[in-house]
Amino acid sequence: MLIQTLVNGISLGSAYALTALGFAIIYRTLGIFHFAHGSVYAFSAHVAYSLITLVKMPLIPSVLLTMLAGGILGMIINFLIYEPLKRHASSGQVYMIASMGASIVLQNLIATAWGAITKVLVLPNLETSLYNIHHIGSAVITMAQLLVVIVTVVALATIALFSKSMIGLSIIALGNDSEVAENLGMKVKAIRYITLAVGSALAALSAVLVSIDLRAVDSAMGVPIMLMTIIAVIVGGTANFGAAIAGGYLIGLIKNFGIWAISAEWDNTLLFIMLVLVIMFKPAGLFGRKISKLGR
Amino acid sequence: MSVILSILIQLCMYSILALGLNMLVGYSGLVSSATAALFGIGGYLTALFALHYKLDFFVILIAGGVFAAVLGVLVSLPALRLKGDYFFITTMGFTWIITNIMTNWMQVTRGPNGLTGIPSPLVFGQVLNSRFLFFILILIITALCIFVANRVCTSPFGRALKGMREDDIALEALGKNITAFRVKTFVFYAIYCGMAGTIYAYNMRFVDPTAFTSDESIFVLSMVVLGGVGSIKGTLVGVLVLGIISEGVRYVGLPASIAFQARQIIYGLILVLFMIFRPQGLLGQYKIT
């Protein structure tokens, strides 16, 4: 059971690590508490469902197209909401409320477009091989779960490389000090768009992987993942991106150990108690070094 | 007639909820999403007290408010010291736990089935069967709540709150304890939410976990944002406008599933558009910080 819990925890944690990294990139760079991240996730899952099950497109182009769709939605949100708010010099909580409003609008648009019921994701060709069960000692793992872990590792490695590129460094610089970045002649507006695109594409990738693993999508799926993501980011820490990734894995593991040790009904309560404890005793996060700016 | 009375009682209930949230958002500058949880605590407590102990309406009303305040403060105290985002998330998590308890603590809450058969309220030993008299009672309570909120805002305490919202560091330099002020506004907010829960339970005669989800918190937040944060008049206008929209959508003739989504989209759009174009709301002067 221990190994099984570990396997499930790492698989789930990978999905959280991706959304948490996406959220943390946006939060650290733009200071926006990007609630709509969860709805971007739900939208991407529905795009993936349409491409894979309805259009019967092969897996790899489906995943890439979904990431593109998620990234574009992120940029649309920036264009329609965050840029106008920026022009009005809005405060942090104004961004947060607007983002929450956007998230509600999106979630209900998804429900209107695709229907509010749970839809089953069917892979046309790979069906059997992906859901085959493999044994690791006493534990079992499906290829789909393994796929989640492997793709996540590849994606995280890509982001690590990307962070050393000119654009990646610009994103980090903008997060460190936006005024200095602007004075140095960086195209801050373009960087803001790229930040939202990258962050949202990560959420989209997580959404495809989870949908393939669970074989189901529904319009409300963004809400729980959003809460988990935020808990992961706060518990991990917002000062650097590695902390958010670690937070994602930690939450995935704790959730599964909670289900194993207590019961599936109370795992959320357990996570919330942990969140409160971290906010009380280590508000910078378990893996963060300095306190992030609050109430921006 | 009974439908109209029910809607009017609902509007009174939302006025109390929105006044409470307005106090918190407008004066301490903290945005909370625990409205539904505190509201639900009041509702469930009322249902349990009315079903098992046959207590007087006013005793339950006060107990609902106090209990919501005690639980709310216990959980949000660590977050009250922080500003903004973290507070919002903690209150959201609090809502989550409360929903968790409502759905899973079968022995007491009967889980997803909810608590049914709440009897008519007992007012000073008399059973109040008339819907109309119940409405009048709620109307009086709402008027009292508006009066109290108004008095608090214009008192020296209210002026200190305004100062806290404009510049908390300056107020702290004057020797005022910011955290204590935040706790006090939170208690005020929680009591109002708890009392609204009592009204809900007696009005519906039924409570279940689906009535107290974060959708409800967001609905009340849109009322406050629409009317104007920090303005009592604005808050009441917000309740009226959104209440009419919410009931109106029901009678336009859309199918039930679409009507629900259309309503949610309207609330979401109100939040987004007001934040962009008029963050102070229709009647408010103060912008959320």
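This is a predicted model: local features need pLDDT of at least 70, side-chain atom pairs count only at pLDDT 80 or more; totals for chains, interfaces and linings use all residues.
1. Residues are numbered from 1 along each chain as its sequence is written, while chains are lettered from A and ligands numbered from 1 in the order in which they are written.

2. Let's begin with the core. The largest nonpolar core holds 186 residues. A nonpolar core here is a set of buried Ala, Val, Leu, Ile, Met, Phe, Trp, Tyr and Cys residues joined through C-beta atoms within 7 Å. A:Ala98, B:Leu17 and B:Tyr192 have the most contacts inside this core. If you set aside neighbours within four places in sequence, B:Leu17 is in contact with B:Thr35, B:Phe39, B:Tyr192, B:Cys193, B:Ala196 and B:Val220. (Contact means that two C-beta atoms, placed from the backbone, lie within 7 Å.)

3. Now for the place where the chains meet. (Ala, Val, Leu, Ile, Met, Phe, Trp, Tyr, Cys and Pro count as nonpolar, Asp, Glu, Lys and Arg as charged, and the others, Gly among them, as polar.)

4. Look at B:Ile270 next, which sits in helix H12 of chain B. Is B:Ile270 buried or exposed? It counts as buried because it has 23 C-beta neighbours inside 10 Å. (The cut-offs are 20 or more other C-beta atoms within 10 Å for buried, 12 or fewer for exposed, and partly exposed in between, with C-beta atoms placed from the backbone.) Leaving out residues up to four places away in sequence, B:Ile270 touches B:Ser222, B:Val225 and B:Leu226. B:Ile270 and B:Leu226 are 44 residues apart in sequence, yet their C-alpha atoms are 7.0 Å apart.

5. B:Leu171, in helix H8 (residues 168-173) of chain B, is partly exposed, with 19 other C-beta atoms within 10 Å. Not counting residues up to four places away in sequence, B:Leu171 touches B:Ala160, B:Gly163, B:Met164, B:Lys176 and B:Ile178.

6. Here's a helix pair in chain B. Helix H2 (residues 35-52) and H4(B) pack at an angle of about 30°, with their axes 8 Å apart. (Axes are lines fitted to C-alpha atoms, for helices over the stretch in contact, and angles run from 0 to 180 degrees between N-to-C directions.) The two helices are therefore roughly parallel. (Under 35 degrees is roughly parallel, over 145 roughly antiparallel, 65 to 115 roughly perpendicular, and the rest oblique.) Their contact has seven nonpolar, two polar and no charged residues.

7. Chain A has a pair to set beside that one. The axes of H2 (residues 37-54) and H9 (residues 188-214) of chain A come within 8 Å and cross at roughly 50°, so H2(A) and H9(A) are oblique to each other. Their contact divides into nine nonpolar, five polar and no charged residues.

Conventions:
Helices (H or I, at least four residues) and strands (E, at least two) are DSSP runs, numbered from the N terminus.
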